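Look at the model below.

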Amino acid sequence: MTRLVARRALSAVPVLLVVTFGVFAIAAVSPFDPVKAYAGTAALGADRETLDRLRENLGVDRPFAERWWEWLTSAAGGDLGQSSVMRQPVAEVIGERLVWSALLCAVAFVLAVLLGTVLGVLAARRPGSPADRAVTSLAYALEAAPVFWIALLAVWLFALKLDVLPAGGLTDTGSEHVTAGQLLSHLALPAGVLAVSQLPWFTLYVRQGVGDALAEDPVRGARARGLSERTVLLGHALRSGLLPVLTLIGSRVPELITGALLVESVFSWPGIAAATVEAATAVDFPLLAALTTLATAAVLAGNLLADLLYGLTDPRVKLSEM
Amino acid sequence: MTTRRIRSAATAAVAAAVTGAAAACSAPGGGTDGGASADSVVIGVASEPDTLSPLLGYGKDGNSKIFDGLLVRDAGQKLKPALAKALPEVGDGGRTYTYTLRDGVRFSDGEPLTADDVVFTYRTVLDDRTNNTAKSELDAIEEVRADGDDKVVFTLKYPYAAFAARTVLPIVPEHVAGEQDPNTGSFNTKPVGTGPYVLTDWRKGEKLTFKANPDYWGGAPKVKKLTMAIVADDDVRATRLRSGDLDGAVLPPNLAATFENEDGRKTYRATSYDFRAVTLPTGNPVTGDTAIRRALDLAVDREAMVDKILDGAGRPAYGPLPLDDPWFARGTERDRDLGEAERVLDDAGWKPGQDGIRAKDGRRASFTLFHPSGDKVRQDHALAYASDAKKAGIEVKVESATWEVIEPRMKHDAVLAGFGSTGDPDFGLYTLLHSSLAGDGFNNMARYDDPAVDEALDTGRRSQDPEDRKAAYDDLQRELVKNPGYTFLTHIDHMYVLADRWDGLTTQTEPHEHGFASGPWWNVEDWQPKK
């Protein structure tokens, strides 16, 4: 297992190199002007000299490969550089926001996995039953619905019509402290929406896995031995039916991250979403590179986690052979 | 079992997050909501500052809640002393400005304000390595130095009558900001100033919270807590205002009107210098022709634009200065006169063609007008302008684009521009009209070039006698009627809605930029809670 982790960590290095290089290259050819983005509305009143001076100070005309190398070497030394658009160090930007994004993603992910498992088992118990049909059609419908649309719908229903949950922010606008109660009520909608957007995948995979397992010999044997339906379902079918879900966990991480970006924007959640969008449109290389690295690392770690879980739970898979 | 696991996972995460966040805030109180108490106020604005450091441009026009300048403007835009004891002594024919600092002013960290802080602030802003976007506004300064602990002397490159109005620039503490890189240091997000409020928390994109500075030299503010919530969308801002989450907000006229007759709320309308105008580039053979410019100026129906586009929340613009500005030249107001417009075109040889569009020497009276995409108000102005121009036989092709597309084409194509500065006529007019700044970035976008106007601008800038200045700006505005390089259309009123819990609220005449520093809350430190 240690070997697997070490090998994966090692192979992550070239991947990250290529990805960050790509980010710098793509940002360099983007039509956005970093100087204008930096100056914001002030650019519309600025004279040529000011714009030229900013261009030079920000060093935006240097070749992207050179800037990438500079960023890389200082990042390797622990210095992530300065974000031009946020006017503060990149590490600080990420530090301030990552907690909230991580909290949102974690809660949503756990919700999606648990809820997906319950619904999947419910549907798999009797294929073709009304419960199965309801769950499956719901899952397909949700799968097709864009995250931001669900988010807007949720705001409309829970915040505007029913007025039971706040429409956005981390706390009430007038409140100064982040208290647990405030946080929970403000987290409910964004985390719920994000969970719902991930739900169909887990539900459908569990339904398929458990459904297949129910038709297999060990389960039929268990039933024949007169074991209770509960033991058969949860002890036998669910255990082997969950295996495909483990791979899914890893592969859903990128979706979770992009989904979180949209959800954060809709709910003005102070996570890294706004920073990512701003970094991209402002061609803020250091911030953009750091955020991309972070996202890439999360995806790689997700895949590794899925493989580890698979190796630990499925006796047919040997970690040493991966 | 499922729910218990969810709950424990969530609680653990929340607990971790709260410990982290609680360490960052230290303010006492911790009210439960926006509340109806008169000593706290929550305001919704559309955008937030990029930085809170005056060294990079924050608060340069005054009204910063965290900082003070040497001078400040009152409700009538008159300059009055702030960190300075009195208005500056002007010497050497208008080339030196000497300020004496008020006694006993301290920064919110307890350190006293000295002349060195003032010198440090100005020198850092003027430093080429500092990424200040408004540095050119202080171009007149040749040198700034301290004379003892409480005197600051500015020496200018040329006599500059409007200079005092620039010294509303906020002063930062050298002992804090001097230790950092002004472009990226922590001062940008954790400012320390002498102002009536102290920043307690800034969650970017969400809100800024301030608490009253109990040791403020001007007296502790009665409003103890101030929150500026950043809500970009107009409709969301209106909804949150209605739900009570916000006490006040800046709103477009049509949304503000829905709050007009509500109990417990007041609507404020601030007049402004914020004009919408069409640039008529001199480089374009059609818009560069004085006859065309005059005809357009006569053909537009400004009153109709105010009524239809702005719902009455604005005034016709007969020049860059609004009607109620003391520097406005009386007598330059003019009605729409289509007949005169046609006569001007006939006289100049622009004859009506078969399609109704005039032509001269085989050139059609036709040009393109850009407006920035997504700006509804500008788009409506552009379309109305095109329809008015057509009645005079001039074709205006309206196109929308982003500034990236518009900028390289400003030399030949017209743009629906919006600007307006407060403080002194020199600030807005010089950069808009002086030929030496033609096509310099976004200055003088129309590349306007009129020797009489240049002369008036120079006189207005250098003369110390208010009478001479007034005469010069009057000449300038009359010259603009004869040779309009821009068609000024409207001055836009800014609308605000605010809970009615305080006494004596006013608005200033506002610049183009508004919402954060302008609005009825421009002097929130002076508000008195009712009863």
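## A helix crossing

A crossing is left-handed if the near helix is turned anticlockwise from the far one by less than a right angle, and right-handed if clockwise. Helices are DSSP runs (H or I, at least four residues), and strands are too (E, at least two), numbered from the N terminus. The crossing of α7(A) and α8(A) is right-handed.

This is a predicted model: local features need pLDDT of at least 70, side-chain atom pairs count only at pLDDT 80 or more, and totals for chains, interfaces and linings use all residues. Residues are numbered from 1 along each chain as its sequence is written, and side-chain values use heavy atoms, without hydrogens and water.

The axes of α7(A) and α8(A), residues 180-214, come within 10 Å and cross at roughly 140°. Axes are lines fitted to C-alpha atoms, for helices over the stretch in contact, with angles from 0 to 180 degrees between N-to-C directions.

## One residue of α7

Phe148(A) is found in helix α7 of chain A. Phe148(A) is partly exposed, with a relative accessible area of 41%. Buried means under 20%, exposed over 50%, and partly exposed in between (1.4 Å probe, protein chains only).

## Positive phi in chain B

Most residues other than glycine have a negative phi. Gln77(B) has a positive phi of about 70°. Gln77(B) sits in the loop between β2 (71-73) and β3 (79-81), and is buried at 14% relative accessible area.

Asn444(B) also has a positive phi, about 35°. Its loop lies between α12 (425-433) and α13 (451-462). Asn444(B) is buried, at 0%.

Definitions and conventions
Chains lettered and ligands numbered in written order.
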